[in-house]
Amino acid sequence: MVIQTENNKRLVRLVFEQGINQQRLELVDTLFSAHFIDHSTPDQLPGTQGVKDYFAAIYTGFPDMQVTIDDLIAEGDKIAVRTTWRGTHRGTYAHIEPTGNQVVRTMLQIFRIVDDKIAEEWNEGAELLA
């Protein structure tokens with residue numbers, strides 16, 4: 001169980017450290033389930049395409065976005081993570097034209113891991129708006 005918990009934590013770290021911070025969109029297919037559901041974002045497409053669309057929107061709107069993991073807690077098949085997002089609004093995001101403003105967002109997310117992939121997400125946090 002300890003090994004699986006550490007593997008789950010590693011998986012979530014990769015989402016932020018490489019998927020978002022390094023803009024490695026190609027990792028989505030290896031990190032997320034084909035049946036992924038974001039319960040907190042009902043308008044997001046299910047599966048990996050929805051995640052790719054979300055990541056691409058972040059890359060476009062905030063090309064310098066960096067996410068810091070502040071806390072990472074694991075129990076069973078769930079991972080809770082508290083993050084801080086920082087970036088500059090340099091492209092259109094959520095239909096808002098670029099402002100050039102620095103933005104900071106904090107989030108609390110819970111991920112459920114199934115078969116070594118992220119299958120579900122729930123989140124709470126301030127909107128990433130400039």
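Which strand holds Gln 66? Keep that in mind as you open the model, which is predicted.

**Start with the whole chain.** Colour the protein chain by pLDDT. The average is 94, and 95% of the residues score at least 70. Helix H2, residues 28-31, has the highest confidence, at 98. Helix H1 has the lowest, with a mean of 93.

**Select H1, residues 2-20.** Take the distance between its end C-alpha atoms: they are 27 Å apart. Why does that agree with expectation? At 1.5 Å a residue, the 19 residues of H1 should span 27 Å, so the two values agree.

**Centre on Leu 14.** H1 has a kink of about 30° here. Leu 14 is also one of the buried residues of H1.

**Now show the other buried residues of H1.** Among them are Thr 5, Asn 8 and Lys 9. Leu 11, Val 12, Val 15 and Phe 16 are buried too. Towards the end of the list come Gly 19 and Ile 20. As you turn the helix, remember that in an α-helix residues three or four places apart point the same way, because there are 3.6 residues a turn.

**Jump to Gln 66.** This residue is found in strand E2, residues 66-75.

**Show what surrounds Gln 66.** Beyond its neighbours within four places in sequence, Gln 66 is in contact with Asn 21, Thr 84, Trp 85 and Arg 86. Zoom in on Asn 21. Its backbone oxygen lies 3.1 Å from a polar atom of the Gln 66 side chain.

**Finish at Gln 22.** Gln 22 and Gln 66 are 44 residues apart in sequence. In space, their C-alpha atoms are 8.5 Å apart.

Note on methods. Residues are numbered from 1 along each chain as its sequence is written. This is a predicted model: local features need pLDDT of at least 70, side-chain atom pairs count only at pLDDT 80 or more; totals for chains, interfaces and linings use all residues. Side-chain values use heavy atoms; hydrogens and water are left out. Helices (H or I, at least four residues) and strands (E, at least two) are DSSP runs, numbered from the N terminus. The expected span of a helix is 1.5 Å times one less than its number of residues. The bend at a residue is the angle between axes fitted to the seven residues ending there and the seven starting there. Buried means under 20% relative accessible area, exposed over 50%, partly exposed in between (1.4 Å probe, protein chains only). pLDDT is the predictor's confidence in each residue, from 0 to 100. Contact means heavy atoms within 4.5 Å. A polar contact is a pair of N or O atoms within 3.5 Å; within protein, one must be able to donate a hydrogen and the other to accept it, and residues adjacent in sequence count only if both atoms are side-chain atoms.
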